Amino acid sequence: MSEPKTVVIANSWQALRQITPARIALGRAGVSLPTAAQLDFQLAHARARDAVHAELDAGALAQALKASGQDCLILHSAAANRKSYLQRPDLGRRLDAQSRARLEQLAPGASCDLALVVADGLSALAIERNALAFLAALLARLAPDHWSLAPIIVVSQARVAVGDEVAQLLGARAVLVLIGERPGLSSPDSMGLYLTWAPRVGLTDARRNCVSNIRPAGLAYEAAACKVHHLLSAAQKCGTSGVSLKDETALDSAAPVPNNDFLLG
């Protein structure tokens, strides 16, 4: 009896899949994608959709932060629910009236060096998986520099710019927003960091520095903490952030450098 004929035709660049999660060199079955590749795509798409619609368990996160010895406060944006948040990005950039009043009562006339804001963004999953580990790495780096910190603020249904209002009400010289990034088809749990010096309501993204793709399969927590520590020190020295502040942290010298180039081979 003859062997069954293989219907999937492999792509000659299939070896490149070992060095990237991108969907390349998937092969073909006739004129279509192989069934396995198509099912994998549908699963990744479903995970991305779930990440966008998932709600952050702010109470559990706050409890974990307090258990680690950090003061914490839970607030909410002006977007009343997830549907409103997704349809009205502007509402996610401001606090609701109750949250604003709580901050005004917390720190009338107070000031601090840095406000840390944890926001669900477009992936609560990213915050649940990465925020605590990153904060531990960052706080360990900041401790020797004696940065004065506000209580960590957890904001539900939040966009990046909500950090500006939080920091302005707290009298913070700088704000770092930890936020769930828009899920990709290979990364539904990617966390981003946005640093702003002299934050106030109405600033544009040109005033922010971004460090992205923080997760075990992306930028490691220690490496991200190193970058943020460098940016904070530089922002403090220069009194600015955003397009006028460059990330000059060195690349990890321990990272392997490929010694062959497939384009030249």
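Reader: Which residues in helix 2 and helix 6 meet each other?
Author: Before I answer, please keep in mind that this is a predicted model. On the helix 2 side the residues are L61, A64 and L65, and in helix 6 they meet I127, L132 and L135. By class, that contact divides into six nonpolar residues, with no polar and no charged ones.

Reader: And at what angle do helix 2 and helix 6 pack?
Author: Helix 2, which covers residues 58-67, packs with helix 6 at an angle of about 20°, and their axes are 11 Å apart. Angles under 35 degrees count as roughly parallel, so helix 2 is roughly parallel to helix 6. The crossing of these two helices is right-handed.

Reader: Why do you give both an angle and a distance?
Author: Because two packed helices are described by the angle between their axes together with the distance between those axes.

Reader: OK, how do helix 6 and helix 8 cross, then?
Author: Helix 6 spans residues 124-142 and helix 8 spans residues 221-238; their axes come within 9 Å and cross at roughly 50°. That angle makes helix 6 oblique to helix 8, and helix 6 passes helix 8 in a right-handed crossing.

Reader: Which residues make that contact between helix 6 and helix 8?
Author: From helix 6 they are R129, N130, A133, F134, A137, L138, R141 and L142, while helix 8 contributes Y221, E222, A224, A225, C226, V228, H229 and L232. Sorted by class, the contact of helix 6 with helix 8 has 11 nonpolar, two polar and three charged residues.

Reader: What about helix 5 and helix 7, how far apart are their axes?
Author: The axes of helix 5 (residues 97-106) and helix 7 (residues 162-170) are 9 Å apart, and the two helices pack at an angle of about 30°. That makes helix 5 roughly parallel to helix 7. In this contact, R100, L103, E104 and L106 of helix 5 meet E165, V166, L169 and L170 of helix 7, and the residues comprise five nonpolar, no polar and three charged.

Reader: Changing topic: how much space lies in the largest pocket, and what lines it?
Author: The largest pocket holds about 410 Å³ of space. Its lining has 20 residues, and R93, R159, V160, A161 and D205 are those that lie nearest the centre of the pocket. Taken by class, the lining of the largest pocket has eight nonpolar, four polar and eight charged residues.

Reader: And what volume does the second largest pocket have?
Author: For the second largest pocket, the volume is about 260 Å³. This pocket is lined by 17 residues, with P21, R23, D40, A44 and L185 lying nearest its centre. The lining of the second largest pocket divides into nine nonpolar, four polar and four charged residues.

Technical notes:
Residues are numbered from 1 along each chain as its sequence is written. This is a predicted model: local features need pLDDT of at least 70, side-chain atom pairs count only at pLDDT 80 or more; totals for chains, interfaces and linings use all residues. Side-chain values use heavy atoms; hydrogens and water are left out. Axes are lines fitted to C-alpha atoms, for helices over the stretch in contact, and angles run from 0 to 180 degrees between N-to-C directions. Helices (H or I, at least four residues) and strands (E, at least two) are DSSP runs, numbered from the N terminus. Angles under 35 degrees count as roughly parallel, over 145 as roughly antiparallel, 65 to 115 as roughly perpendicular and the rest as oblique. A crossing is left-handed if the near helix is turned anticlockwise from the far one by less than a right angle, and right-handed if clockwise. Contact means heavy atoms within 4.5 Å. Ala, Val, Leu, Ile, Met, Phe, Trp, Tyr, Cys and Pro count as nonpolar, Asp, Glu, Lys and Arg as charged, and the others, Gly among them, as polar. On a 1 Å grid over the protein atoms alone, a cavity is a set of points where a 1.4 Å probe fits but cannot get out, and a pocket is an open set with protein on both sides within 12 Å along at least five of seven lines; lining residues have an atom within 4 Å of a point. Grid points are joined across faces, edges and corners, and a volume is the space filled by probe spheres set on the points.
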